[in-house]
Amino acid sequence: MTVGIVMLVHTALDRAAQVARHWSRAGCPVVIHVDKAVPRSEFDRFASDLSDVSDLSFAPRYRCEWGSWGIVAATQGASEIMLDRFKHVRHVYLASGACLPLRPVAELVAYLDDHPQTDFIESASLATVLWPVGGLDHERFTLRFPFSWRKHRYIFDKYVDFQRRINFRRRIPDGLSPHLGSQWWCLTRQTLSAILQDPARKTYDRYFRRVWIPDESYFQTLARRYSVKLESRSLTLSKFDFQGRPHIFYDDHLRLLKRSECFVARKIWPRADRLYESFLSDSADALNTTEPDLNKVDRLFYKATQRRIKGRPGLYMQSRFPRGGYGNAGTAAKYSVFEGFADLFQDFDDWLFKATGTRPHGHLFGPDRVEFAGGKTIVEGALTDSAALRDANPRAFLTNLIWNTRGERQCFQFGPADNQRISKTIAHDPNAQISVISGAWAIPLFRSNLNFSEIRKQVTRLQKIEAEHLAVLRSSKANARIRIWTLSEFIESPIGLMQPIIDEMCQNPARRLAEAPRMVDLTGFGQFLQNLNNQGVQPYLMGDFCSEAALIDDPAVAQKPYLVR
């Protein structure tokens with residue numbers, strides 16, 4: 001007893017011939033079906049090339065369009081020839097021209113000898129299947145599909161919608177419970193012959209002719225009626241991506257395929273010379289009895305799928321950039337955003353560099369130019385200080401900067417006068433550490449020489465902008481590490497509040513901060529806020545300062561206004 005190979009071929013005929021010879025040399029009879037779409041001249045050359053191979057036959061040709069009945073008809077015809085001409089075959093293994101044996105054929109034969117009555121076919125009930133792509137699972141069995149999904153997609157979709165609107169439902173033949181699974185199976189002679197010789201076959205065939213993608217359901221459903229022992233799994237390594245397209249294996253997948261311990265894999269790239277040379281060699285050591293286990297490579301396929309869907313954090317590709325939800329975490333590395341600190345402290349950037357060793361930028365999203373650290377006009381990634389180029393896509397600007405400076409933590413200033421289009425990006429980015437002293441933007445206005453009427457206009461405008469920004473930071477969608485204080489809260493204990501920020505920024509937390517950066521002189525700031533309030537502008541983001549300008553002259557205290565308790 002041995003295993004017979006049914007091959008469905010439609011392209012790369014030279015590789016199919018190479019694999020067919022390999023099966024035949026190992027003592028396995030082969031029946032080949034060649035898609036009718038292949039030109040007659042190519043088929044004749046292919047058949048002539050294999051004319052010297054014993055125990056090899058060709059099946060009647062059908063046109064095998066994806067998702068159509070032709071694939072099932074081709075499989076039926078080839079299987080009937082296999083069962084009729086090769087009586088010593090106990091198992092029939094369905095493969096394609098793009099399949100490649102990964103282990104010596106003798107190991108497959110020995111494995112099937114140990115499971116003489118077992119059918120290996122993935123066959124899952126509709127209630128448990130999660131992998132169909134396209135939204136048609138139950139409906140593929142209850143609607144009609146007379147049009148080609150690939151050639152006539154518009155008519156296909158419209159006809160499906162029409163059947164849904166009129167509530168059309170096909171009757172499933174009595175005794176059938178629809179199941180789905182991989183097209184690539186290995187069935188016993190007993191089960192396969194029972195399917196092909198079933199008295200009700202004409203009824204079943206007529207029904208499945210209008211089922212969508214019947215090659216994934218015909219044998220999978222009928223095998224449940226006749227199998228003595230069915231294992232719902234395929235012996236062929238066949239993986240699909242999130243869009244339902246098969247993974248293609250190339251030369252650099254050699255180690256992965258060997259690791260899988262599977263008997264056969266598809267889909268192999270026709271020009272993967274290294275794979276064909278490695279797996280079609282006649283050398284075989286002692287038989288390996290290891291059980292094939294697809295789970296060994298499932299984790300790698302999962303990672304590959306996630307990489308294809310989301311990409312690498314902070315790196316955007318043309319293929320996924322325009323589509324929402326197809327990006328990974330917003331940026332490639334952690335970074336810090338300081339809001340109001342440069343307004344409250346003198347030479348804050350210099351102090352931050354000494355305290356953390358990071359590269360502190362100024363206002364990267366300032367209205368006039370990009371304030372890179374050290375006054376640079378061009379930094380890594382060929383990013384310039386042009387505000388116009390940055391504002392064409394602020395999100396891409398930030399992710400580009402973080403990506404090209406990986407390994408060095410970036411930090412920058414931000415405020416209500418900056419471009420607010422980046423607000424949601426940093427708020428939703430789990431890599432962002434955002435520290436906000438709300439209302440600190442009023443200090444430069446307090447120290448400016450502007451007319452009070454102009455100051456009042458600016459305070460009204462900037463306070464509204466910051467309030468909207470704070471609402472974004474406090475929303476349920478914010479994923480950043482966010483700390484928010486009012487100006488009055490922060491100046492009560494600047495060292496204690498800044499210590500956790502510095503600890504997070506430093507990989508090796510520094511010793512406790514001995515002192516905070518030098519605060520600007522806030523003498524008269526409380527009265528300034530009261531004057532704004534008297535003019536009808538309520539500066540509520542700064543916190544509660546006393547209304548009197550009673551700040552003592554002691555240098556140790558002069559920078560800290562009294563606070564209302």
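**Stop 1: two helices**

Select α1 (residues 13-25) and α2 (residues 40-49): α1 passes α2 in a right-handed crossing, where right-handed means that the near helix is turned clockwise from the far one by less than a right angle, and left-handed anticlockwise. Helices here are DSSP runs of H or I with at least four residues, strands are runs of E with at least two, and both are numbered from the N terminus. This is a predicted model, in which local features need pLDDT of at least 70 and side-chain atom pairs count only at pLDDT 80 or more, while totals for chains, interfaces and linings use all residues. Residues are numbered from 1 along each chain as its sequence is written, and side-chain values use heavy atoms, leaving out hydrogens and water.

The contact (heavy atoms within 4.5 Å) is made by L13, A16, A17 and R21 of α1 with E42, F46 and D49 of α2. Sorted by type, these are four nonpolar, no polar and three charged residues.

How are α1 and α2 oriented to each other? Their axes are 10 Å apart, at an angle of about 25° (lines fitted to C-alpha atoms over the stretch in contact, with angles from 0 to 180 degrees between N-to-C directions). The two helices are therefore roughly parallel, a label for angles under 35 degrees.

**Stop 2: a sheet of five strands**

Next, show the open sheet, with its strands in the order β14-β17-β13-β18-β19 and parallel pairing. Strands pair if DSSP finds at least two bridges between them. At the edges you will find β14 (359-363) and β19 (481-486), each pairing on one side only.

Now select β13 (residues 335-339). Five bridges join β13 to β18 (residues 432-438), with V337 opposite I434. Four bridges link β13 to β17 (residues 410-413), and there S336 stands opposite C411.

Which way do the residues of β13 point? Y335, V337 and E339 point one way, S336 and F338 the other, and all are buried (under 20% relative accessible area with a 1.4 Å probe, protein chains only). In a regular strand, side chains alternate between the two faces of the sheet.

Move on to β14, which pairs with β17 over three bridges; R359 has Q410 as its bridge partner.

**Stop 3: a loop residue**

Finally, click on H247, in the loop between β11 (236-238) and α10 (254-260). At 18% relative accessibility, H247 counts as buried. Beyond residues up to four places away in sequence, H247 touches K239, F240, D241, R266, K267, F301 and T305.

Notes: Buried means under 20% relative accessible area, exposed over 50%, partly exposed in between (1.4 Å probe, protein chains only). Angles under 35 degrees count as roughly parallel, over 145 as roughly antiparallel, 65 to 115 as roughly perpendicular and the rest as oblique. Ala, Val, Leu, Ile, Met, Phe, Trp, Tyr, Cys and Pro count as nonpolar, Asp, Glu, Lys and Arg as charged, and the others, Gly among them, as polar.
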